[in-house]
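Take a look at the protein below.

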Amino acid sequence: MVQKDKTLDTPQVDGESSPSPVSGEACVEAPGPVEESGIVVEQMGLRKFISGVVEGFYGRPWTMEQRKELFRRQQKWGLNTYLYAPKDDYKHRMFWRELYSVEEAEQLMTLIGAAKEHAIEFIYAISPGLDITFSNQKEVSALKRKLDQVTHFGCKSFALLFDDIDHNMCPADKEVFSSFAHAQVSITNEIYQYLGEPETFLFCPTEYCGTFCYPSVSQSPYLHTVGEKLLPGIDVLWTADGEDSTVSIQIKLENEGSDEELETDILYSPQLALKLALTEWLGEFGVPHQYNSRQVPQSGAKSTVIDVSSMAAPSLCSSTTVTTVFQQPIMSPEVEVEKKDSDEEPMEMVVEKQDEAEPEAEPEDKLVGPILADKMSEELKPMDTDKESLAESKSPEESIQEDSGSDIAPMQTDDQLKQEVFVPGPNEKPLFTAEPITIEDLCLLAELFYLPYEHGPKAMQMLKEFNWLRANSSVVSVNCKRKESEKVAEWQSRAEKFEEMCCSVIQMFTRLSNTANRTILYDLYPYIWDIKSIISMVKSFVQWLGCRSQSSAQFLRGDQEPWAFRGGLAGEFQRLLPIDGANDLFYQPPPSMPTSKIYSIRPYFPKDEVAVYKICKEMYCEGMEDAPFSDDDPDLIGDRLVGGLLTLSSDYGFVLEDEDGICGYALGTVDVKPFVKKCKLNWLPFMQEKYHKPDDQKDLTEAEKMMLSFHEEEEGLPDSFLSNFPSLIKVDVHAKVTDPSVAKSMMGCLLSSLKANGSHGAFCKVRQTDKRMLDFYSKLGCFEVAKMEGFPKDVIIMGRSL
């Protein structure tokens, strides 16, 4: 953060030095705090120094109680500033024009008051850059009106943010302003002067770090305009990086290679600060705490808004018009919420000021047209308030399924810890078995989700090892003619270490899923679920590379555009798998209720044949009223449906396991043409000997029809089809498996192995009457191929391009 000099007329008083700041923007402390109107600020000569926390992240904002807890900790650590800028508070960014409702206004005033009580300067930030028309005076007036409202809450410090937006201007602005920078500077200067040139007024440029500057920091026309035109009393927010660092170069995390002490006591070590923070956080995981859900307030006639124009003090009195925005549940987007009124949905209030106060009216008279559908579809989080309705008396973890506006975040407060813990009844199973978290688990979690553009050391090591194992898989391939024992041993040793790293991630997921503090879990669960899922798939693929891959295996990048991938470590691993563009298989939403149940996927081995046959038979017969197959031929279904693949193409087989054993399988062959030839020579003769051809071919039972199929010539698929879909696949999961993500993971492993060995398309055969499998494959991204000449009449062919 770069700031211009400002003169402070207040006397200097003694104060304590600060340890390390809490998580947020990197800050550096300076000695000698100064007290001004209840706000402690740092002074270094004539320069005002700000150190504190920016709540500027994407995702669910902190609650009001958590912010108050933050103020307490900031005061303890000697930090002096808090900047309110949660990206997903829709009234801060997406719907910045909307005024705060009475309830929200009360909370903001309370929060600003709490900041003053703890000697914290409260800076209110607003981000209008997504859709503002700079040249439209109505837009400028809306911005002034919004900040006027916040001013009456008691806020004296402000920030105008233009980060993370498109550089292009609308046609109307292009006619008025010569550049995007001129437009931003113009409105920033006007707002600054309109507010009376407050002591603290911050401006965040679109080019807020060296990485975003074009062509460079020193040659950026945008920054030159900002530097020349911005009024001198406005401070500029800047995020340091690389050689252009202003403050952070001494404390950037990538410069922390060890635990060695720094040469100076002025700067803190982020590596040490992270360990201290995680150690303090560790204790909160062991405190039993149930998820605190709340019901979203219902919109109605008695809603009010602050009338800024007639307000001399923070009083709330005038009538309003209420616009409503539907809020989606955090974990379960398709859950229905019980309606209190047949004509009303659970809503979060967004308030618009009326020109004149009107008498209290009926609810239907108070509602205006809904916000556009595209905005309603956004999963934006409202400002959280302390006035929460109590949920019905049920399991707190079950109540999340009806919760559509919970804003609980990890930081704990004393009031939250006093809540009653859910105790299962005599006939109820415990929702989880508490398991202690270790500091190693939290350190691993931090390194897997390190920084926006940087992975932690352990994450980088995992990426490096996976890259090496891919690149050198030919030394352990099944068709390698000259295997060098030393290289094979090295590959196997590194694969074993990589598998151990993957297992540590999965163990971290299990322990976190079983933590006693369910409030923290609900915030972390989508992230740990996502990383667990991709790591499990990568682990299984490495196991396959070590025993089944061909020496010609290729790992070429696809033609997908960058925006086709997820970000973070999960996205990096996705890029390294052969089916990197199969986003539907990598999209595995977490269940509505957290579970610690783990499924593992591994390559198929001959010893698994009995279990695979059993699942194949059970799932084939599921739903049939009468048992169509006798016990005289227990292997008939398995022999007909999967036997050939298990015997002649086991290199492309995977099995799914839980604590009870195998519960699913994924089988395939890379090229069906040579596979069919092998079947005719090496498989069908044994089956024809095992199952005799029925004498009477009329009124055959299902079992007899299967036996007959071994003796009849099977229709081949046309070459025009096989040229696009050469690989045959067969996937199934036992009915007891309720997690839909494991089928996607198995399919991902199977298709990765097929594509690595040269396939560019796969297909499966499904009986027309088998609705279960048709639906199953459809959810795995397979589509029904249009009927072609030569297709079997009673079978549906489903395909998928790789």
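This is a predicted model: local features need pLDDT of at least 70, side-chain atom pairs count only at pLDDT 80 or more; totals for chains, interfaces and linings use all residues.

**Cavities**

- Rolling a probe the size of a water molecule over the atoms shows where empty space is left.
- The count here is three cavities of 30 Å³ or more.
- The largest cavity has a volume of about 100 Å³.

**The lining of the largest cavity**

- Which residues line the largest cavity? They are K532, S533, S536, Q588, Y599, I601, D739, S741, V742 and S745.
- Two helices, α15 (518-545) and α24 (740-756), each supply at least two residues of this lining.
- By class, the lining has three nonpolar, five polar and two charged residues.

**Helix α15 and its partner α14**

- Two packed helices are described by the angle between their axes and the distance between the axes.
- Helix α14 (residues 485-513) packs with α15 at an angle of about 160 degrees. Their axes are 8 Å apart.
- How do α14 and α15 run, roughly parallel or roughly antiparallel? Angles over 145 degrees count as roughly antiparallel, so α14 and α15 are roughly antiparallel to each other.
- The contact of α14 with α15 has 19 nonpolar, three polar and four charged residues.
- The crossing of α14 and α15 is left-handed.

**Helix α15 and its partner α13**

- Helix α13 (residues 457-471) also packs with α15. The angle is about 30 degrees, and the axes are 11 Å apart.
- Angles under 35 degrees count as roughly parallel, so α13 is roughly parallel to α15.
- α13 and α15 make a left-handed crossing.

**Helices α19 and α22**

- Helix α19 (residues 636-648) packs with helix α22 (residues 702-709).
- What angle do α19 and α22 make? The angle is about 45 degrees, with the axes 10 Å apart.
- That angle makes α19 oblique to α22.
- The crossing of α19 and α22 is left-handed.

Notes. Residues are numbered from 1 along each chain as its sequence is written. Side-chain values use heavy atoms; hydrogens and water are left out. On a 1 Å grid over the protein atoms alone, a cavity is a set of points where a 1.4 Å probe fits but cannot get out, and a pocket is an open set with protein on both sides within 12 Å along at least five of seven lines; lining residues have an atom within 4 Å of a point. Grid points are joined across faces, edges and corners, and a volume is the space filled by probe spheres set on the points. Helices (H or I, at least four residues) and strands (E, at least two) are DSSP runs, numbered from the N terminus. Ala, Val, Leu, Ile, Met, Phe, Trp, Tyr, Cys and Pro count as nonpolar, Asp, Glu, Lys and Arg as charged, and the others, Gly among them, as polar. Axes are lines fitted to C-alpha atoms, for helices over the stretch in contact, and angles run from 0 to 180 degrees between N-to-C directions. Angles under 35 degrees count as roughly parallel, over 145 as roughly antiparallel, 65 to 115 as roughly perpendicular and the rest as oblique. A crossing is left-handed if the near helix is turned anticlockwise from the far one by less than a right angle, and right-handed if clockwise.
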